[in-house]
Amino acid sequence: MAFLIKSMIGNPLSGIGLGGGGDKEEEATPTDPAKAAGMTREEYEEYQKQVVEEKMERDADFLHKKAERATLRVCLREKYRLPKSEQDENMIEIAGDDVDVPEELLKMVDEDATEEEGKDSIMGQFQNLQNMDMDQLKEKASATVTELKTKAEEKCCVM
């Protein structure tokens, strides 16, 4: 609203011609980006080089992290016999051969592997047996046996 009023009224002194020819003052906007940033041309060029180098370094670090994650996914797929992903393999190829899985992630995978090995071993099975409710197991077994007997009696004429 204020903009509309200003545009309609305008500058009250602009109508008075004081010999200036009525020209509006042009704002002094430098066309050179170095002057706009308040630097010399050389300083501005050096600054631009630093910005480009930092961006390239960030991009390389990001690409390396993505390749590390892809390597971990490939390892997990191999471990659990899941289908391979071409996207992960391409990411590893782009990053190069020097991609390793981060130590923190390797520790996590190793911890999971040791837990699974413990469950798969004989001692792990014994521990599972200790945790089982034997009464419940007996009830299930007897229910299954009686169910099999009834089905057999229905199908067999001799019994």
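The following legends describe close-up views of one predicted model.

Local features are reported at pLDDT of at least 70 and side-chain atom pairs at pLDDT 80 or more, whereas totals for chains, interfaces and linings use all residues. Residues are numbered from 1 along each chain as its sequence is written, and side-chain values use heavy atoms, with hydrogens and water left out.

**View 1. Overall architecture of the chain.** The secondary structure consists of 7 helices and 0 strands, arranged along the sequence as α-α-α-α-α-α-α. Helices (H or I, at least four residues) and strands (E, at least two) are DSSP runs, numbered from the N terminus. Of the 159 residues in the chain, 11% are buried; buried denotes under 20% relative accessible area, exposed over 50%, and partly exposed the range in between (1.4 Å probe, protein chains only). The chain exposes about 14,600 Å², of which carbon and sulfur atoms supply 55%. Accessible areas were calculated by the Shrake-Rupley method with a 1.4 Å probe, and for residues only the protein chains shown count as cover. Among contacts between residues at least 6 apart in sequence, 52% join residues at least 24 apart, a contact being heavy atoms within 4.5 Å.

**View 2. The salt bridge between Glu45 and Arg41.** The structure holds 5 salt bridges, each defined as a side-chain nitrogen of Lys or Arg within 4 Å of a carboxyl oxygen of Asp or Glu. One of them joins the side chains of Glu45 and Arg41, with an N to O distance of 4.0 Å. Both residues belong to helix H3 and are 4 residues apart, about one turn of the helix. Glu45 is partly exposed because its relative accessibility is 41%; Arg41 is likewise assigned as partly exposed, at 43%.

View 3. Asp88 forms a salt bridge with Arg73, in which the closest N and O atoms are 2.8 Å apart. Since Asp88 lies in helix H4 and Arg73 in helix H3, this pair ties together parts that are 15 residues apart in sequence. Arg77 also forms a salt bridge with Asp88, and here the closest N and O atoms are 2.4 Å apart. Arg77 lies in helix H3 and Asp88 in helix H4, so this second pair ties together parts that are 11 residues apart in sequence. Through shared partners, the salt bridges join Arg73, Arg77 and Asp88 into one network. Asp88 is buried, with a relative accessible area of 4%. Arg73 is partly exposed at 37%, and Arg77 is partly exposed at 22% relative accessibility.

**View 4. The nonpolar surface patch at Leu76, Tyr80 and Leu82.** These three residues make a nonpolar surface patch of about 260 Å². Patches are made of residues with over 30% relative accessible area and no salt bridge; like charges are joined within 9 Å, and nonpolar side chains (Val, Leu, Ile, Met, Phe, Trp, Tyr) within 5 Å. Tyr80 is located in the loop between helix H3 (41-79) and helix H4 (86-95). With a relative accessibility of 39%, Tyr80 counts as partly exposed.

**View 5. The backbone at Arg81.** Arg81 is found in the loop between H3 and H4. The phi of Arg81 is near 55°, a positive value in a residue other than glycine. In general, most residues other than glycine have a negative phi. Arg81 counts as exposed, at 76% relative accessibility.
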